[in-house]
Amino acid sequence: MENRQILALCNQYQAVLLSEDPILHIAIAPNPSAQFFEALRFICDTEVNVEYWSAEQLEKARHSGVLVNTDVQHENTAPVVQLLQETLHKAIQLRASDIHFEPIEQGYQIRFRVDGVLQLQPLLPAHVAAPLTARLKVLGNLDIAERRLPQDGQMEIEVEQHKCSFRIATLPVYHGEKVVLRLMTQTEQTFELSDLGMSPDDCIRFQHCLANPQGMILVTGPTGSGKTITLYSALKILNQVSSNLCSVEDPIEIPMRGLNQTQINSKAGLNFHSVLRALLRQDPDIIMVGEIRDGDTAEIAIKAAQTGHLVLSTLHTNSTAESVVRLQQMGVEPWMLASALNMVVAQRLVRKLCPHCKQQHPDDILLPTTLWKRALPHWQAVGCERCYGGFYGRSALFEILLIEPALQTAIIKGMAAHELETLARQHGMMTLFERGCQAVEQGLTTLEELYRVLGVPHG
């Protein structure tokens, strides 16, 4: 029996050689391949004791010195566990929404997304990349051995006596594997519309629309613009014992009592439109569709909104008017859309100025009168020990399009997005940029931040 051959075999099949005396003792993950046992029988003629361990047990064994099947001595797992705990604790303290673990040529870098902007942390040595990635994979129940393909999952970690849920996604990159953690929204979220940044008038309009027994309310905006929180705030208002609330989501981000939540599973053929069809047989009053991604989902959702259900959903478009056109491009007939759609809400998140260090420049800013008629205060984000770069927290800007009779007629006629927007503004709609200018007037944010989030409008 060749010790070197056994070590090589254990390396190949991610096994742990526990001992060789008096009998060979090996630990491996459940359901190993038949080739492992065939190779073991070929190189070993003595009794073999095989134990089946979980991926986490195996990973801990490798990094705690139990593993003897590598030529290079691995670091003890304790520093890696401590480093991860410290990183997560710091990220939560800084209110980070995402944590990026990135192998680069110079070492291993970590970045936190704080208030929508990535912030670089001190560079780590390159040798921590492999054990830290392995640790994260184990916690997320991912395949430690798979380094060539992207993987994703969910994990729960206790940080400072608090359980925190994360989404984990890995991606092969030039210098190794990148891992991104997204901190799932904590359940203590209040889900109050006024807390999101919605004005009192918009709150009234929104709640009035929620009172309709049927129809569709769309919330639109790019990824990370707060659409999910707006939908859950609406569901909180609608959540009554007398109503059957159902949702289809990918994934279920915020468990809510009173809401029947279904998570899609594309691998099993459980997609948005198949779950939506099933939900319609569950006697629902209110349906929340996490996202309208294709024509089939759009058609079923629109038909549900026409047949006595209140449907809430999201779409990835830049403005309210573009959402109407996008649904038509997905194959929804204009007359169906006009009769089913009650309201479209477009939103963005802007960073709020820190109240402790913000400063106002003596010279105001004058924009073209077609964009904003009044002079805007020139706020500056200074930065202090209480904030991050002069900003602390974020607030949402809302553009609310009510589908009134004049707009219904325009939709049926197939008007273009810019024509719909012009008509809506004539009926009192304020655009996202105009809402942003209001926020600058109130000292909530800066014009530069508005340009960062919305781009520079054409005046």
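Student: Is Glu-449 buried or exposed?

Tutor: Buried means under 20% relative accessible area, exposed means over 50%, and partly exposed lies in between, with a 1.4 Å probe and protein chains only. Glu-449 has 2% relative accessibility and counts as buried. This is a predicted model, in which local features need pLDDT of at least 70 and side-chain atom pairs count only at pLDDT 80 or more, while totals for chains, interfaces and linings use all residues. Residues are numbered from 1 along each chain as its sequence is written, and side-chain values use heavy atoms, with hydrogens and water left out.

Student: Which residue meets Glu-449 in a salt bridge?

Tutor: A salt bridge is a side-chain nitrogen of Lys or Arg within 4 Å of a carboxyl oxygen of Asp or Glu. Here the partner is Arg-452, at 2.8 Å from N to O. Arg-452 is partly exposed, at 41% relative accessibility. Both residues belong to helix H16 (residues 447-454) and are three residues apart, about one turn of the helix. Helices (H or I, at least four residues) and strands (E, at least two) are DSSP runs, numbered from the N terminus.

Student: Where in the chain do Glu-253 and Arg-167 lie?

Tutor: These two form a salt bridge, with the closest N and O atoms 3.7 Å apart. The pair links distant parts of the chain, 86 residues apart: Glu-253 is in the loop between strand S11 (245-249) and strand S12 (259-263), and Arg-167 is in strand S8 (residues 162-173).

Student: How many salt bridges does the structure hold?

Tutor: It holds 19. Glu-102, Arg-111 and Lys-178 are linked in a network of them.
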